[in-house]
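The following note sets out points on the fold and its packing, for use beside the model. Please read the points in order.

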Amino acid sequence: MPSRFFSERRHILVVDDEPYIGRIIQLKLEDGPYDVELVSDGHSALSRLRGEAPIDVILLDIMMPHMSGLDVLAELRRLPHRAGTPVIMLTGKGQEADREQAAALGATDFLTKPFSPKKLLARIDELFTR
Ligand SMILES: [Mg+2]
């Protein structure tokens, strides 16, 4: 049996308009058992999500130009095959109203920027050990 059968990696879609943040997240998670795909805007995220490729977790920045993370979240929850995918929202300080709205739209969890990459990895590991 091929060894990859035993080393299944999870797929994570990271949506953030700041390339530097996306890259840090990617480096940290790819140290763990995760493959990361980075996109920098909501439209790219949705076109990816409308496809059938497996995505196990979505990290979604709220503050993005053109289409906010809240808009993306509302749209993706309407996709039957993504309705149950965990979504962790990346929020800034003082965005309590956005958090409430995201929770109402079906966000799974929140991380407030700036967060440590280590904490992020721990949070994602948790999703798969519950
Ligand atoms: Mg942003």
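Leaving aside its neighbours within four places in sequence, with which residues is I12 in contact?

1. I12 is in contact with L29, Y34, D35, V36, D56, V57 and L59, once neighbours within four places in sequence are set aside. Two residues are in contact if their C-beta atoms, placed from the backbone, lie within 7 Å.

2. On the basis of the note: this is a predicted model, in which local features need pLDDT of at least 70 and side-chain atom pairs count only at pLDDT 80 or more, while totals for chains, interfaces and linings use all residues. Residues are numbered from 1 along each chain as its sequence is written.

3. The protein chain has five helices and five strands, and along the sequence these follow the pattern β-α-β-α-β-α-β-α-β-α. Helices (H or I, at least four residues) and strands (E, at least two) are DSSP runs, numbered from the N terminus. The radius of gyration of the protein chain is 14 Å, close to the 14 Å given by the globule rule for 130 residues, so the chain is as compact as a globular protein of that length. This radius is taken over C-alpha atoms, and the rule is 2.2 Å times the number of residues to the power 0.38.

4. Strand β1 (residues 10-15) pairs in the parallel sense with strand β2 (residues 34-39) over six bridges; two strands pair if DSSP finds at least two bridges between them. Within this pairing, V36 in β2 is the bridge partner of I12. β1 is also joined by four bridges to strand β3 (residues 57-61), and these two strands run parallel. Here L13 stands opposite I58 in β3.

5. In helix α2 (residues 42-50), the buried residues are G42, A45 and L49. They fall within an arc of 60° seen down the axis of α2, so they line one face of the helix; the arc is that of the directions from the helix axis to the C-beta atoms. S47 and R50 are exposed residues on the face turned away from the buried side of α2. A residue is buried if 20 or more other C-beta atoms lie within 10 Å of its own, exposed if 12 or fewer, and partly exposed in between. The buried residues of α2 pack against β1, β2 and α3 (69-76).

6. The largest nonpolar core has 27 residues, and those with the most contacts inside it are I12, V15, I58, L59, L60, L73 and M89. Such a core is a set of buried Ala, Val, Leu, Ile, Met, Phe, Trp, Tyr and Cys residues joined through C-beta atoms within 7 Å. The elements giving two or more residues to this core are β1, α1, β2, α2, β3, α3 and β4 (87-91).
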